[in-house]
Amino acid sequence: MRQLSPAGQRIIDDIARRYGYSTDAVLSMLQSVINGNGRMAQFNHPEFAGSGQWMSGGMTMVSDMFNNQLKASIDRLCAELAQLVAAQPDLLVSGSFQSQSQGGQQQGSQAGGQDHGPRHQTSAGGASLFVAPAPGAGADWWGPGLARPDSTGAQNGVRYAYFAQARRLAIDVNGRVTVYDTLDHRIGGFSQQQSHGGSLGFTSQHGLIDVARLPVVTVDGAAPAAPAAPAAPVAPAAPASAPQPASAGNAAGMEIFAMIDKLAELRSRNILTEAEFDAKKAELLARL
């Protein structure tokens, strides 16, 4: 959720005080009402007995289905928050809005019992609930570069916006916004599983769409990182060359030099004279 302005914080604190809820619970419901475009809310908070659903002018459902007092309180709280956000510029989107019922159970929002707070006419007095976005930053959750969506929807922490002309589908899952290229799909059907954080389903003229196969345009406003190039295959190391056997000529040469060394040893022991050594050495060297 965007940061509340000081005036917005005072308004939320006042609502929380009058209804007997915590500020955190009211902020959670405010976000649910905004996600539901001011006409519905899919909420989940301990102070509201867990998960439930509110629809403007329709039913209010809570997990504690026989707690009529709680249902009446939530109905009035959501109606007041919806009136509050409707007065905020560019907070709600135009176009069709898809809502999903929860379990098909019809629960009335009008019931006996005492409410947490009276029905109250809320007015922000021209003050903005939220701190203005930074220059150049759009207030729409799907990011800049897209106009008004043709269809929007939200439930259980997941919301979407479909832009038919731009061929774009934006999906926000717990604050992570991914924008897809819808290619030639003309999306006309939307559904969502009822489990908390349930997956979205979309259909077009081609049938059910596998969102995972759609090209990703941006993730949180940035182009997706290019997949890492596959590593170049490493050439196997050449086997070490086996030592080459000495040729016959090399062996003979080594033998001659060994014989000359022996003659030199005999000369040093005065067994051979210098002349005999020189003559024998010359004869051996002539064989090379």
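Contact here means heavy atoms within 4.5 Å. Helices (H or I, at least four residues) and strands (E, at least two) are DSSP runs, numbered from the N terminus.

This is a predicted model, in which local features need pLDDT of at least 70 and side-chain atom pairs count only at pLDDT 80 or more, while totals for chains, interfaces and linings use all residues. Residues are numbered from 1 along each chain as its sequence is written, and side-chain values use heavy atoms, with hydrogens and water left out.

**Whole chain**

Start with everything selected. The chain holds five helices and twelve strands. Of its 288 residues, 38% are buried. Buried means under 20% relative accessible area, exposed over 50%, and partly exposed in between (1.4 Å probe, protein chains only).

**Stop 1: helix α1**

Select 6-19, which is α1. This helix has 14 residues and spans 20 Å from first C-alpha to last, close to the 20 Å expected at 1.5 Å a residue. The expected span is 1.5 Å times one less than the number of residues. Colour the buried positions of α1: Ala-7, Gly-8, Ile-11, Ile-12, Ile-15, Ala-16, Arg-18 and Tyr-19. Their cover includes α2 and α3. Step just past the helix to Gly-20, where phi is positive at about 80 degrees.

**Stop 2: helix α2**

Next take 23-35, α2. With 13 residues, α2 reaches 18 Å between its end C-alphas, close to the 18 Å expected at 1.5 Å a residue. Its buried residues are Ala-25, Val-26, Met-29, Leu-30, Gln-31, Ser-32, Val-33 and Ile-34. Among the elements covering them are α1, β1, α3 and β6 (158-163). Just after α2 sits Asn-37, with a positive phi of about 65 degrees.

**Stop 3: the cores**

A nonpolar core is a set of buried Ala, Val, Leu, Ile, Met, Phe, Trp, Tyr and Cys residues joined through side-chain atoms within 4.5 Å. The largest has 28 residues; Tyr-21, Met-29, Ile-74 and Leu-81 have the most contacts inside it. The elements giving two or more residues to this core are α1, α2, β1 (40-45) and α3 (68-86). The top contributor is α3, with eight residues. Centre on Met-29: leaving out residues up to four places away in sequence, this side of the view shows touches to Ala-41, Phe-43, Phe-48, Ile-74, Leu-77, Cys-78 and Leu-81. Then move to a second, separate core of 13 residues, which includes Tyr-160, Leu-169, Ile-171 and Ile-187.

**Stop 4: two loop residues**

Most residues other than glycine have a negative phi. Select Ala-49, in the loop between β1 and β2 (50-55). Its phi is positive, near 65 degrees. Ala-49 counts as partly exposed because its relative accessibility is 30%. Go on to Arg-167, in the loop between β6 and β7 (168-173). Phi of Arg-167 is also positive, about 55 degrees. At 47% relative accessibility, Arg-167 counts as partly exposed.
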